[in-house]
Amino acid sequence: MVHHRVTIIGSGPAAHTAAIYLGRAEIPPTMYEGLMANGIAPGGQLTTTTEIENFPGFPDGLMGGELMDRMKQQSVKFGNNVITETVSKLDLSSRPFKLWTEFNEDAEPVTTDAVIIATGASAKRLHLPGEETYWQQGISACAICDGAVPIFRNKPLAVVGGGDSACEEAQFLTKYGSKVFMIVRKDHLRASTIMQRRVQKNEKIEVVFNTVPLEAKGDGKFLNAVGLKNVQENKEYDLPVNGLFYAIGHSPATEIVKGQVDMNDAGYIKTVSGSSLTSVPGLFAAGDVQDFKYRQAITSAGTGCMAGLDAERFISEQD
Ligand SMILES: Cc1cc2nc3c(=O)[nH]c(=O)nc-3n(C[C@H](O)[C@H](O)[C@H](O)COP(=O)(O)OP(=O)(O)OC[C@H]3O[C@@H](n4cnc5c(N)ncnc54)[C@H](O)[C@@H]3O)c2cc1C
């Protein structure tokens, strides 16, 4: 039977930071980095983007994929045992915990004393015609990450969504865009009153109610318009914009722990404030899988550090 002391599930900034801390504490973990788990390559969400300009230590920026390669090199240097498989089942009902990987569900389970779950989240997408062509070429699911890039400067932009995140993203984008349209399916915003007021007060934001996006359009290289439909008037038209930002929510990758650990209504794992501890002793959560608010590489790395230290303490207390 294969047994690991600490198993890390995931391979983004949270997972590799936790692995670096555990490795340096002489508890080298085993990491299941996933094999296109949730459609994302090993290395996580940053492998789906281009340049990262807000991760400290890289004043000239660097490509998301390169940042993740470097994190992996660093964790492997400290003994991280990386397995390129996806964990498909996890049994947290008794310790040691048991896990199975994809295509090996009938095999004997792997056992582990502790688990750090850092499986991340993925932004919900609309899958519009043209979306694949203009993804990261005008379409983004993260205004904070991508809003400052030159293609959006002083250009008209659109945000899809009517909740608090959409309002926040629209406000944020007014720093860069010449105008920001909020495309809202209903005849009202879902956002909190204070957020609605801020949007109303901001002269650069125009809310387009009763409207859904139909198509992403452009010159083959960059987005330059979004096809819209006013569902009340049944009227279709093109809105010229150079940026289209989705703010329609995220899906945390928590399927394997569903029903076994406390989560919030949106499916994010709940952690004890100021720690990575979950409702299950020996299960620690880090990164976007437990963070519905910040969802950044640096915050994921920060909570990964916390999970590494928390798991180290847990293991030391068992020894
Ligand atoms: C397009 C885009 C651009 C972004 N740009 C920036 C930016 O400029 N700056 C910034 O700070 N942040 C940016 N972000 C946000 C940042 O990428 C995330 O906050 C961060 O990657 C979250 O890290 P994480 O460690 O939680 O895991 P993730 O990066 O979400 O990675 C989780 C990994 O776990 C794997 N996994 C999932 N389930 C399993 C399983 N069952 N078994 C094994 N493996 C599994 C996944 O396949 C994935 O590889 C961007 C995000 C996107 C989508």
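A word on the model before that. Residues are numbered from 1 along each chain as its sequence is written. This is a predicted model, in which local features need pLDDT of at least 70 and side-chain atom pairs count only at pLDDT 80 or more, while totals for chains, interfaces and linings use all residues.

Helices and strands here are DSSP runs, helices being H or I with at least four residues and strands E with at least two, numbered from the N terminus. Helix α5 covers residues 164-173, helix α6 covers residues 193-201, and their axes come within 10 Å and cross at roughly 30°. The axes are lines fitted to C-alpha atoms, for helices over the stretch in contact, with angles from 0 to 180 degrees between N-to-C directions. Angles under 35 degrees count as roughly parallel, over 145 as roughly antiparallel, 65 to 115 as roughly perpendicular and the rest as oblique. So α5 and α6 are roughly parallel to each other. Their crossing is left-handed, a term for a near helix turned anticlockwise from the far one by less than a right angle, with clockwise being right-handed.

On the α5 side the contact uses Asp164, Cys167, Glu168, Ala170 and Gln171, and on the α6 side Met195, Gln196, Arg198 and Val199. Two residues are in contact if their C-beta atoms, placed from the backbone, lie within 7 Å. By class, this contact of α5 with α6 holds 4 nonpolar, 2 polar and 3 charged residues. For the classes, Ala, Val, Leu, Ile, Met, Phe, Trp, Tyr, Cys and Pro count as nonpolar, Asp, Glu, Lys and Arg as charged, and the others, Gly among them, as polar.

Now please look at α1. The axes of α1 and helix α2 (residues 64-77) come within 8 Å, crossing at roughly 25°, so α1 and α2 are roughly parallel to each other. That crossing is left-handed. Pro13, His16, Ala19, Ile20 and Gly23 of α1 make the contact with Met71, Lys72, Gln74 and Ser75 of α2.

With α7, the α1 axis comes within 7 Å and crosses at roughly 35°. The crossing of α1 and α7 is right-handed. Among the residues making this contact are Pro13, Ala14 and Tyr21 of α1 and Ala297, Gly304 and Glu312 of α7. The contact of α1 with α7 divides into 12 nonpolar, 5 polar and 1 charged.

On to the ligand. Which elements each supply at least two residues of the shell around the ligand? They are α1 (13-24), β9 (121-123) and α7 (297-318). There are 43 residues around the ligand, and Gly12, Gly34, Gly44, Gly120 and Gly287 come nearest; a residue is near if its C-beta atom, placed from the backbone, lies within 6 Å of the molecule. The shell has 23 nonpolar, 17 polar and 3 charged residues.

Two backbone details to finish. Most residues other than glycine have a negative phi, and most peptide bonds are trans. Glu26, in the loop between α1 and β2 (30-32), has a positive phi of about 60° although it is not a glycine. Arg95 and Pro96 are joined by a cis peptide bond, with omega about 0°, and Pro96 sits in the loop between β6 (87-91) and β7 (97-101).
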